[in-house]
Amino acid sequence: MPQIAINIKEGTIKKEDIIVGIDLGTTNSLVAIINKETGNPIALRDAEKTSIVPSIIHFTSTGEIIVGNAAKKYLIEDAENTIYSVKRLMGKSYKDIAEFQNNFGYKIIDDNTESLVKIKVGNKFYTPIELSSFILKELKHRAEKVLNQLISKAVITVPAYFNDTQRQATRDAGKLAGLDVLRIVNEPTAASLAYGFGNNTEEEKIIAIYDLGGGTFDISILKLSNGIFEVLATNGDTFLGGDDFDRIIVEYWLQKNSVDKIILSKNELQELRLKAEEAKKHLTGNDSFTGSIKNIICNIDRSAFEELIKPLVGKTIQSCKNALRDAKITIKEIETIIMVGGSTRTPFVKKSVGDFFQKEVNISLDPDEVVALGAAIQADILAGNQKDMLLLDVTPLSLGIETMGGLMDVIIPRNSKIPTAAGRQYTTSVDGQSKLLISVYQGERDLVRDNRKLAEFILNNIPGMPGGLPKIEITFQLNADGILTVKAKELRSNTEQSIEVKPQYGLTEEEMSLMLIDSIKHAKDDMATRALVEARVEAENMITTCEIFIKKNSALLNEEEIAGTNSRIEKLKTKLNSEDKDEIHQYIEDLNDFTRPFAERVMDMAINKAMKGKVI
Ligand code: ADP
Ligand code: MG
């Protein structure tokens with residue numbers, strides 16, 4: 001039951017919060033909600049019935065900010081003050097984009113004090129976050145107008161390969177626009193949700209999402225099982241999209257008309273580009289296009305167009321091959337291909353992709369809207385309206401702590417559904433140890449030095465106890481946003497310490513898959529290393545324990561026992577750096593066998609504990 005809050009003072013009814021889903025695109029952005037009556041997602045439209053908001057921002061000479069369709073014409077009329085493709089700049093430093101500066105009609109500056117780029121408009125500087133927030137504000141206003149209520153919560157989509165900085169920047173843009181961003185969702189995941197994948201927890205399938213937008217191409221391979229989407233691989237081209245189709249048509253016309261590009265002004269070129277886009281869209285449903293701009297004849301038929309874009313589409317197919325290779329799957333294993341992005345409307349693209357995957361592609365939902373629709377579904381799940389849907393996230397890499405010898409002890413394994421919690425008990429190695437350093441790592445390798453450190457903290461005030469006696473419980477709690485809380489508690493004394501870490505957005509998908517590939521490659525090495533490290537740690541523990549034992553109990557032992565133990569300890573010490581685990585084990589056994597008879601005689605419970613159990 002939705003709750004209705006009544007403000008008694010004002011006599012107003014506070015309407016139930018609606019969480020909107022937003023596709024913040026490079027070329028176009030959209031906002032969608034779930035229709036209360038039908039339960040289906042719908043994209044919100046303006047008075048002209050269009051759902052698409054071009055991601056274009058124009059600054060007028062009077063200081064006004066115009067976003068969307070109304071800003072589009074200024075791309076020609078006032079390029080300097082009209083910003084597009086700002087998504088490309090999100091979370092980027094000047095260094096990242098220096099080589100692409102010429103691709104932008106506006107000024108990107110590097111003011112040295114900050115590593116992230118800014119854009120100069122007039123005499124003001126804007127960050128990509130601020131600029132994106134203008135687009136988000138426009139979408140927010142659209143939703144408020146259509147729904148006749150205030151909107152303050154949203155789910156925003158980002159490409160699967162977006163890294164931490166880029167995701168954080170997207171969140172910040174939302175905040176600036178007055179939106180509480182409840183979740184950042186991967187675009188391919190959203191598209192899959194829109195097609196209804198994920199609401200049957202039984203189904204298990206592999207989905208390919210082919211997303212060809214205005215300026216970017218992404219292919220993602222997702223694996224869906226138990227209602228959870230796992231990104232198996234992503235690939236693509238950050239400078240390939242429908243804009244390139246337009247550009248290539250312009251080149252074609254210039255050549256046909258024997259016009260040299262150099263003689264054209266910026267505005268004339270831009271005008272030609274818009275004409276080319278018009279032609280391209282027309283060719284989606286027709287066999288030929290005719291038109292002209294001044295004395296340039298702008299004719300093209302479909303077969304000529306297809307011939308022109310063939311190499312570009314070929315590039316996307318190569319990316320698909322790479323993605324399959326990275327995901328280690330064959331074409332046959334792909335059950336569904338989802339088409340996303342305006343450029344997938346081009347029949348030649350549809351056909352080429354279908355031919356490559358040897359399957360009919362899914363394009364029944366509007367490829368412009370499908371990501372926003374999926375975002376709206378995710379928003380509805382978060383609002384608690386789809387109780388039977390699971391939270392659709394898993395933790396992409398294992399989380400654990402460092403144990404003795406630099407070993408990684410995994411507490412939450414990779415691909416665990418989140419939210420989740422897990423814990424384990426540890427103890428100390430040294431008598432009277434009052435502090436314990438807990439280091440948290442993410443990754444799949446056996447040695448922490450090969451993984452990524454997320455945080456460390458100290459459990460203080462452990463009361464004095466013999467080594468091995470404290471019972472330290474370490475619990476990991478991973479919430480739905482991927483925020484990890486680590487707690488350490490000494491159970492005998494109830495001493496407690498905790499820390500919050502944010503692991504989820506720290507790595508790019510690429511880094512993540514590299515870490516995974518790395519772990520598989522090194523699995524054998526790792527096992528051998530782990531065995532060696534374990535042998536060394538065991539030897540060290542054995543030495544410490546025996547030394548303490550001899551010191552504490554010298555009164556109860558005869559000379560032969562003491563001398564024999566000491567000489568075996570010395571021998572074992574010389575083997576501590578041995579690369580041969582069997583040799584180390586042999587000397588451990590020797591010491592063990594020798595001390596066992598009298599150790600049993602005098603062994604005290606606390607020391608006994610130190611020899612067993614895990615030690616950090
Ligand atoms: P993005 O995700 O980058 O914001 P979109 O998915 O909105 O981009 O795709 C925009 C691209 O789709 C533009 O290049 C546009 O020209 C192209 N496009 C839109 N409609 C059609 C159509 N009917 N036929 C071919 N291309 C189209
Ligand atoms: Mg898109």
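Helices (H or I, at least four residues) and strands (E, at least two) are DSSP runs, numbered from the N terminus. With that convention stated, I turn to the model itself.

The model is predicted: local features need pLDDT of at least 70, side-chain atom pairs count only at pLDDT 80 or more, and totals for chains, interfaces and linings use all residues. Residues are numbered from 1 along each chain as its sequence is written, chains are lettered from A and ligands numbered from 1 in the order in which they are written, and side-chain values use heavy atoms, with hydrogens and water left out.

I begin with the chain as a whole. Its secondary structure comprises 16 helices and 30 strands. Of its 616 residues, 51% count as buried, where buried means under 20% relative accessible area, exposed over 50%, and partly exposed in between (1.4 Å probe, protein chains only). The chain exposes about 29,600 Å², with 49% of that area supplied by carbon and sulfur atoms; the areas come from the Shrake-Rupley method with a 1.4 Å probe, and for residues only the protein chains shown count as cover. Among contacts (heavy atoms within 4.5 Å), taking those with a separation of 6 or more, 63% join residues 24 or more positions apart.

Next, helix 10, which spans residues 347–357. Its buried residues are Phe348, Val349, Ser352, Val353, Gly354, Phe356 and Phe357. Which elements do these buried residues pack against? They pack against strand 15 (204–212), strand 16 (217–225), helix 7 (242–256), helix 9 (302–327) and strand 22 (334–340). Just after helix 10, glutamine 358 takes a positive phi of about 55°.

The crossing is right-handed, meaning that the near helix is turned clockwise from the far one by less than a right angle.

Isoleucine 317 counts as buried because its relative accessibility is 13%. Not counting residues up to four places away in sequence, isoleucine 317 touches Ser352, Val353 and Phe356. Isoleucine 317 and phenylalanine 356 are 39 residues apart in sequence, yet 7.3 Å apart in space, C-alpha to C-alpha.

Elsewhere, threonine 82 lies in strand 9 (residues 82–83). Is threonine 82 buried or exposed? Threonine 82 counts as buried, because its relative accessibility is 0%. Its side chain reaches the backbone oxygen of tyrosine 74 at 3.2 Å. Leaving aside neighbours within four places in sequence, threonine 82 is in contact with residues including Ile56, His58, Leu75 and Tyr106.

Finally, two loop residues. Serine 258 lies between helix 7 and helix 8 (266–285), and lysine 294 between strand 19 (292–293) and strand 20 (296–297). Phi is near 50° in serine 258, and also near 50° in lysine 294. Serine 258 counts as exposed because its relative accessibility is 68%; lysine 294 counts as exposed at 62%.

Notes: A polar contact is a pair of N or O atoms within 3.5 Å; within protein, one must be able to donate a hydrogen and the other to accept it, and residues adjacent in sequence count only if both atoms are side-chain atoms.
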